[in-house]
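User: Hi! I would like to learn how to read packing in a protein model. Could you walk me through it?

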Amino acid sequence: MKNGNLQETLVEQNNLISRPLTEEEELYKENILDHYKHPRNAEILPTYTHHHRELNPLCGDEVEIFMNLVGGTIESASFQGKGCAISQAAASMLMEQIKGKKMQDIQKLAPWDIYNLLGIPISHTRSKCALLPLKTIQEGLKSWH
Amino acid sequence: MTKFYEEENANVHRGIYTLSEKATMAYEAARETVAQFIGAAAEEIIFTKGTTESINLLAQSLGKTLQPGDEVVLSEMEHHANLVPWQELAKEKKAVLKFIPLTSDFQLDMEKAQQLITRTTKIVSVVHMSNVLGTINPVTELAALAHQVGAVCIVDAAQSVPHMPINVRKLGCDFLAFSGHKMLGPMGIGVLYGTKKLLETLSPFQYGGGMIQEVTYEKSTWNEVPWKFEAGTPHVAGAIGLAAAIDYLQGIGMDQIQEHDQELTTYALEHLSQLPGITIIGPRTNRGAVISFTLSGIHPHDLSEVLDRERIAIRAGHHCAMPLHTKLGLVGTNRVSLYLYNTIEDIDRLIAGIRNAQRIFR
C-alpha cells in the first residue's frame with residue numbers, strides 16, 4: 001500500500017496496468033534472463049525414475065522433466081523445453097530448488113512459491129507460463145517412469 | 001447505448017407499451033443501418049453475439065442438410081471460429097473437410113481451390129482477411145467456384161468489414177459473418193448476413209421466444225426471417241451500439257479508413273523488415289493492416305510483455321489459428337493490428353520498443 005488509494009493498489013496488485021519494475025525486481029529480471037539464456041540442468045538424465053511432459057497450448061510452452069528419486073528424495077533432476085523466458089527460467093530455477101528435497105515437500109509447493117522465486121510481477125495470463133514447470137514436476141512425481 | 005438503457009430499456013417485439021415500441025424501433029433501425037452498410041436488405045441481417053456464433057448458426061442450420069460424404073471446403077488460414085464448428089459437424093454428419101492450401105507467398109492457392117471445389121462440395125467457407133497473415137482472399141472468385149458446383153459460399157469477414165468497404169452483392173457470397181468489437185462497436189454483438197432466399201429455407205438455430213409464429217402443445221411454426229433466427233431476448237443495446245459505430249465509421253468513410261490502414265501498413269512493413277532477426281509472416285501486397293512476425297531469440301510473450309511496459313499493446317500467440325501456425329512450423333507469432341486511431345508515430349514507438357527488447361534479450 002504505497003499510497004492510500006485503494007483502487008490504484010488493487011489495480012497494481014492485479015497487474016492490470018503495466019508499470020516500470022522496481023530496482024529489486026530489475027535484479028530478479030536479470031536473474032530470469034540469465035536462467036533463460038543459460039538454463040541449468042537442461043539435459044536428459046542418463047537414468048531417471050520419474051519423467052513427465054506438459055504443454056501450455058496457449059503460448060506453445062513446453063516443459064519435460066526427468067527426476068531420479070532414491071527413497072523419496074529427489075537425487076537429481078533435469079529438464080528440456082522450449083517457450084518463453086518465464087516458463088523456461090522457472091524450470092531452470094526449479095531444478096536447482098528441488099534437488100535433494102523430499103518428494104512430499106515438493107508436492108506441497110504452491111503457486112505463491114514460484115512467484116516468490118521469480119520475484120517479478122506475474123500477470124494473470126502469464127501465470128500459466130510461470131506455473132507450467134511446477135505442474136510438470138508435481139504431475140511427474142505422481143507417476144513412475 | 002446509454003440513451004437506450006436510460007430511456008428506451010424494454011424488450012423488443014413484445015410489449016405494446018411505448019417503451020417497448022421505442023426499443024423495437026431502435027433495434028430494427030440498427031438492423032437497417034447494418035444492412036445498408038454492407039449492401040444488404042434488412043431482413044437479411046441476423047444479430048448474433050459475434051462471428052463465432054454466426055458460423056455456429058450456419059454449421060447447425062446448414063448442417064442439417066448435409067449427407068454422409070458431403071464435403072466442406074475451408075482454407076488453411078482459418079480462425080478456429082471458422083474451423084472447429086465444421087470439424088464437429090463433419091464428425092456428426094460423416095462429412096469431409098478439405099482445406100485450400102497456401103502458396104509460398106501466403107496467398108490461397110486458387111488452382112488447388114478449383115480442384116478441391118467439386119460436385120461433392122456443399123459448403124465453401126473462407127476467411128476474407130486472415131487475422132494472422134493479413135492476406136485478403138479472392139472471395140468473389142471462391143463464391144463463383146462454389147456456385148458453379150451448387151455449393152453455398154460463406155465469408156468470415158470479421159477482419160475485413162471493419163477495414164474496407166464491403167458490399168455483399170459485389171462479393172457474391174451467400175453468407176457473411178462479422179463482429180461488433182472489431183469495428184469500434186460493443187462486445188457480444190455480431191452479424192450474420194444471408195440471402196433471403198437461403199435464410200428462408202434454413203431451419204432455425206435456437207428455439208424459444210421471439211422466433212415463433214404459432215405454438216401449440218404439440219408443435220410450432222416459425223417466424224419470418226430474420227426473426228426466425230433470433231430466439232430469446234436479443235442484445236438490443238449491443239445492436240444499437242454497433243449501429244452507432246457504423247455511423248461513426250461511415251462519417252469518416254470506409255475508403256479513407258482503408259487508405260489510412262494501407263499507409264500505416266506500408267510504413268510498418270518497411271521499417272519492421274529492417275530489424276535484425278525479424279521474419280514477417282504474411283504477404284507483402286494484397287494485404288490488410290495486421291502484421292505478424294517472429295524475432296529470433298525472443299518468444300512472442302516476452303516481447304509482448306516488454307512492449308506492454310512501454311504501453312504498446314501487441315498480440316502474442318497463435319491468434320486462434322493453431323493449425324496455421326503448426327503448418328508454418330511456429331509456436332506463436334507477434335501481431336501488430338493497426339486501425340484508424342493509430343499513427344505513424346505509434347509505429348516509430350513500436351520499432352523503438354522492439355529494439356529495446358532486443359537489447360534486453362541479447
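Analyst: Happy to! To begin with a definition: a helix axis is a line fitted to C-alpha atoms over the stretch in contact, and the angle between two N-to-C directions runs from 0 to 180 degrees. Bear in mind that this is a predicted model.

User: How are two packed helices described, then?

Analyst: In general, one gives the angle between their axes together with the distance between those axes. Here, in chain A, helix H2 (residues 23–37) packs with helix H3 (residues 85–98) at about 85 degrees, and their axes are 8 Å apart.

User: What does that angle make H2(A) relative to H3(A)?

Analyst: Roughly perpendicular, because angles of 65 to 115 degrees count as such.

User: Which residues make the contact?

Analyst: H2(A) contributes A:Ile32, A:Leu33, A:His35 and A:Tyr36, while H3(A) brings A:Ala85, A:Gln88, A:Ala89, A:Ser92 and A:Met93. By class, six residues in this contact are nonpolar, three are polar and none is charged.

User: Nice. Now a sheet: in what order do the four strands of the open sheet in chain B lie?

Analyst: The order is S10-S11-S13-S12, with antiparallel pairing. Strands S10 (278–280) and S12 (315–317) of chain B are at the edges with a single partner strand each, so one side of each has no neighbour in the sheet. On average, neighbouring strands of this sheet are turned by 30 degrees against each other, direction ignored. Within the sheet, S11 (residues 290–295) and S13 (residues 333–337) of chain B pair over four bridges. One of the bridge partners to look for is B:Val336 in S13(B), which faces B:Ile291 as its partner.

User: Which strands does helix H11 of chain B touch?

Analyst: H11 (residues 254–272) of chain B packs on the sheet and touches S10, S11 and S13 of chain B, with its direction at about 10 degrees to that of S11(B). H12(B) lies across S11, S12 and S13 of chain B and runs at about 160 degrees to S12(B).

User: And how is chain B divided into domains?

Analyst: The domain assignment gives domain 1 (2–252) and domain 2 (254–360) of chain B. Their centres, taken over C-alpha atoms, are separated by 29 Å. The contact takes 24 residues from domain 1 and 25 residues from domain 2 of chain B. On the domain 1 side, helix H10 (residues 236–252) of chain B gives the largest share, three residues. By class, that side has 12 nonpolar, nine polar and three charged residues.

Notes: Residues are numbered from 1 along each chain as its sequence is written. Chains are lettered from A and ligands numbered from 1 in the order in which they are written. This is a predicted model: local features need pLDDT of at least 70, side-chain atom pairs count only at pLDDT 80 or more; totals for chains, interfaces and linings use all residues. Helices (H or I, at least four residues) and strands (E, at least two) are DSSP runs, numbered from the N terminus. Angles under 35 degrees count as roughly parallel, over 145 as roughly antiparallel, 65 to 115 as roughly perpendicular and the rest as oblique. Two residues are in contact if their C-beta atoms, placed from the backbone, lie within 7 Å. Ala, Val, Leu, Ile, Met, Phe, Trp, Tyr, Cys and Pro count as nonpolar, Asp, Glu, Lys and Arg as charged, and the others, Gly among them, as polar. Two strands pair if DSSP finds at least two bridges between them. Domain bounds come from an automatic or database domain assignment.
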